[in-house]
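Subject: A structure for you to explore

Hi there,

Here is the structure I promised to pass on to you. Please open it in your viewer and keep it beside this email while you read.

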Amino acid sequence: MKIIGPDALIFGVPNFNECCQYLSDYGLKKTYIDADKAIYSALDGTAIEIHHEQSEHLPPALKSGSLLRQQVYGVKDHTDLNAIYEELTKDREVLKHTDGTIETVDDSGFAIKFQVTIRQELNLEGEKINSPGALPQRIANELGVHPKMDITPRTLSHVVLFVPNSQTAADFYCKRLGFKVTDILEGVGPFLRPQGNDDHHCLFLIQTPESMQGIEHFAFHLAGPTEVMLAGSKFLEAGYTPFWGPGRHNFGSNWFWYFNSPLGCHVEYDADMDKHDQNWIPRSVPFSADASQRFLFKYAEKWAPGADH
């Protein structure tokens with residue numbers, strides 16, 4: 001089953017206009033909006049979709065009240081959709097629509113949907129660095145940072161869920177859908193990647209009481225760490241409240257900066273995540289602050305020499 005990763009996350013929110021503004025300020029592009037529904041997309045078409053919480057088009061809410069209503073996963077083609085349908089109809093109801101998309105509920109109670117991926121292949125330059133001892137990536141007079149840099153999230157990276165039983169949740173995605181465990185934070189939960197994606201993780205499962213079930217955060221990839229720092233600084237200066245970061249994770253090695261959001265979860269900028277194949281051997285370490293982050297910065301107001309005199 002060539003599941004590629006999350007194509008979209010669908011939310012039902014009580015504060016529709018506030019969420020629209022937030023996603024726009026975060027850097028996503030408005031690709032659809034009407035009185036009840038809005039879609040904000042990254043460069044490859046992956047997206048966040050928001051509805052008014054009472055919309056009849058949404059799957060039922062979790063008992064916990066989480067605003068996340070559905071995860072939409074993209075697959076390579078209709079052969080994969082059929083394989084998923086045949087597997088999951090063994091023990092649960094699966095709705096199959098005329099366009100081939102299928103919808104069901106996972107073993108933790110989350111609504112999930114599968115579709116031929118909407119992801120568009122990107123052909124963009126990466127973030128360039130000049131490193132002593134290596135050939136320069138930027139030619140003479142090409143600046144590494146400039147005031148007119150356009151920073152737009154490139155793709156929906158991953159989603160992190162609070163689940164009542166991380167082992168039950170992981171078994172569903174691994175044994176039924178072919179995900180692989182890449183690493184484990186002991187006492188917290190596993191990082192998972194699907195077969196069609198070599199990112200360190202597209203899904204991370206955190207065990208919590210059932211009353212907390214829902215989404216902890218989602219993240220979009222940026223071009224590199226400079227973009228994370230610039231986008232996060234701009235977001236902070238626009239008045240949004242940081243939650244964690246900036247810094248760099250141990251598992252996945254990705255740079256991060258998390259912010260609070262009106263979507264009932266945290267939202268992350270990330271960049272430069274590790275890639276893995278079938279030869280990777282998962283690590284398992286006890287949870288601690290040191291295990292979660294390799295280093296962490298503390299944001300301070302802008303300063304210049306002599307400005308405090």
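Predicted model: local features only at pLDDT ≥ 70, side-chain atom pairs only at ≥ 80, totals over all residues.

Let's begin with empty space. Rolling a probe the size of a water molecule over the atoms shows where such space is left. In this model, the largest pocket holds about 600 Å³. It is lined by 26 residues, and those closest to its centre are T155, D199, H221, L222 and K275. Strand β9, which covers residues 155–163, gives the largest share of the lining, with three residues. Sorted by class, the lining of this pocket is made of ten nonpolar, nine charged and seven polar residues.

**The helix α1**

Next, go to helix α1, residues 16–26. Which of its residues are buried? They are F16, C19, C20, Y22, L23 and Y26. If you look down the axis of α1, these buried residues fall within an arc of 165 degrees, so they line one face of the helix.

Now for the strands. In general, strands of a sheet pair through backbone hydrogen bonds, and the pairing is either parallel or antiparallel. Here you can follow an open sheet of eight strands with mixed pairing, in the order β2-β3-β4-β1-β5-β8-β7-β6. Its edge strands, β2 (29–33) and β6 (95–96), each pair on one side only.

Five of its six residues are buried, so β4 is largely enclosed by the rest of the structure. How do its neighbours run, parallel or antiparallel? Strand β1 (residues 3–13) pairs with β4 in the parallel sense over six bridges, and G12 has H51 of β4 as its bridge partner. Strand β3 (residues 37–41), in contrast, runs antiparallel to β4, and five bridges join the two. There, S41 stands opposite A47 in β4. The hairpin of β3 and β4 has five residues between the strands, and in it G45 takes a positive phi near 100 degrees.

Further along the sheet, strand β7 (residues 102–105) and strand β8 (residues 111–116) are also an antiparallel pair, with four bridges. To see one of these pairings, look for T104, whose bridge partner in β8 is I112.

Enjoy exploring, and write back with any questions!

Best wishes

Key. Residues numbered from 1 in each chain as written. Heavy atoms only, no water. 1 Å grid on protein atoms, 1.4 Å probe; cavity = no way out; pocket = protein on both sides within 12 Å on 5 of 7 lines; lining within 4 Å. Points joined across faces, edges and corners; volume = space filled by probe spheres on them. Nonpolar A, V, L, I, M, F, W, Y, C, P; charged D, E, K, R; others polar. Buried < 20%, exposed > 50% of the residue type's maximum accessible area, 1.4 Å probe, protein only. Arc of directions from axis to C-beta. Pairing = 2+ DSSP bridges.
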